[in-house]
Amino acid sequence: MVGNPSAPADVHTTRQAYNEIAAVYTEFVKGHLDTAPFDRAMLSVFAERVRAGGSGPVADIGCGEGRITAHLNALGVPAFGIDLAPELLAIARQQYPELSFDEGSMEQLALDDDSLAGLVVWYSMIHLPPERVPNVLNELYRVLAWEGHALLAFQATDVPAAALASRECARPHTVEAFDHKVTRAYRWSPERLAGLLRDAGFMVHAQLVREPEPDERFQQAYLLASKLR
Ligand SMILES: C[S@@+](CC[C@H](N)C(=O)[O-])C[C@H]1O[C@@H](n2cnc3c(N)ncnc32)[C@H](O)[C@@H]1O
């Protein structure tokens with residue numbers, strides 16, 4: 001699918017947008033994990049579960065410049081990266097020459113069935129038109145080994161002010177486009193994405209929603225799931 005002229009137009013747009021902004025994006029995320037305790041916490045839980053399950057490769061799908069791939073390796077998880085954008089992959093390889101980074105799309109992974117002990121999709125599914133997300137979740141399920149773990153991070157939709165005022169955390173099960181700085185993106189109701197994960201066969205173990213940090217506009221969500229019924 002990557003570089004494939006028949007790939008949907010949005011795939012080319014996303015790839016091009018990240019290629020053009022690769023150096024700026026790398027600077028933007030530099031050191032970010034050091035000041036992101038929830039990110040580190042969720043990655044730690046994921047890593048602990050993967051390590052407990054024994055050996056096997058872990059894919060960081062939509063790895064960008066490789067910071068999460070490197071962090072997972074530092075946590076003892078043998079992660080490699082996959083991304084659409086060759087310019088980001090070139091930076092990833094330069095920054096982390098000991099790790100492996102491959103070009104590819106989450107819509108059609110060049111990976112065998114049941115081949116991964118874990119996979120992370122860290123703010124990368126956000127660029128996919130929502131109607132194609134169920135197929136991606138099927139693809140993630142296909143490549144994950146039995147009892148393998150999946151961790152997703154993404155921007156959450158808002159809980160309406162009226163619901164907050166009534167102290168009912170009633171978040172509509174919506175998905176909506178937002179003006180991401182790089183290219184078109186979508187934020188999801190965590191409940192809705194969790195439902196789609198279940199539809200694809202995953203068991204969802206945890207859903208965390210946190211308030212935005214000062215440099216963020218939206219609540220942020222994490223879903224931890226596994227290929228297990
Ligand atoms: C917001 S960045 C996140 C990068 C990295 N996960 C991080 O947190 O630093 C989104 C990344 O997803 C990649 N991406 C978008 N759509 C993709 C797809 N269909 N398959 C693989 N990677 C994709 C982009 O190229 C970009 O590197």
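This is a predicted model: local features need pLDDT of at least 70, side-chain atom pairs count only at pLDDT 80 or more; totals for chains, interfaces and linings use all residues.
**Ligand shell, pockets and a cavity**

Q: Which residue puts a polar side-chain atom 2.6 Å from an oxygen atom of the ligand?
A: Let's go through the contacts. Gly-62 uses a backbone N or O atom, which lies 2.7 Å from a nitrogen atom of the ligand. Arg-67 brings a polar side-chain atom to 2.7 Å from a ligand oxygen. The side chain that sits 2.6 Å from a ligand oxygen belongs to Asp-83.

Q: Which helices and strands each supply at least two residues of the lining of the largest pocket?
A: The lining of this pocket runs to 46 residues, with Tyr-18, Tyr-25, Tyr-123, Ile-126 and His-180 nearest the centre. Sorted by class, the lining has 22 nonpolar, 11 polar and 13 charged residues. The elements that each give at least two are helix 1 (9-20), helix 2 (22-29), strand 1 (58-61), helix 4 (67-74) and strand 2 (79-83).

Q: Which residues of the second largest pocket are the closest to its centre?
A: The second largest pocket has a volume of about 210 Å³. Its lining counts 14 residues, and the closest to the centre are Val-29, Lys-30, Gly-31, Arg-67 and Tyr-96.

Q: Which helix gives the most to the lining of the second largest pocket?
A: By class, this lining has 4 nonpolar, 5 polar and 5 charged residues. Helix 2 and helix 4 each supply at least two of the lining residues. The top contributor, with 3 residues, is helix 4.

Q: How many cavities of 30 Å³ or more are there?
A: A cavity here is a space where a 1.4 Å probe fits but cannot get out. The largest cavity has a volume of about 50 Å³. With the cut-off at 30 Å³ or more, the count is 1 cavity.

Q: Which strand supplies the largest share of the lining of the largest cavity?
A: The lining is made of Val-121, Met-125, Ile-126, Leu-152, Ala-153, Phe-154, Trp-188 and Leu-193. By class that gives 8 nonpolar residues, no polar and no charged. The largest share, 3 residues, comes from strand 5 (residues 144-155).

Technical notes. Residues are numbered from 1 along each chain as its sequence is written. Side-chain values use heavy atoms; hydrogens and water are left out. A polar contact is a pair of N or O atoms within 3.5 Å; within protein, one must be able to donate a hydrogen and the other to accept it, and residues adjacent in sequence count only if both atoms are side-chain atoms. On a 1 Å grid over the protein atoms alone, a cavity is a set of points where a 1.4 Å probe fits but cannot get out, and a pocket is an open set with protein on both sides within 12 Å along at least five of seven lines; lining residues have an atom within 4 Å of a point. Helices (H or I, at least four residues) and strands (E, at least two) are DSSP runs, numbered from the N terminus. Ala, Val, Leu, Ile, Met, Phe, Trp, Tyr, Cys and Pro count as nonpolar, Asp, Glu, Lys and Arg as charged, and the others, Gly among them, as polar. Grid points are joined across faces, edges and corners, and a volume is the space filled by probe spheres set on the points.
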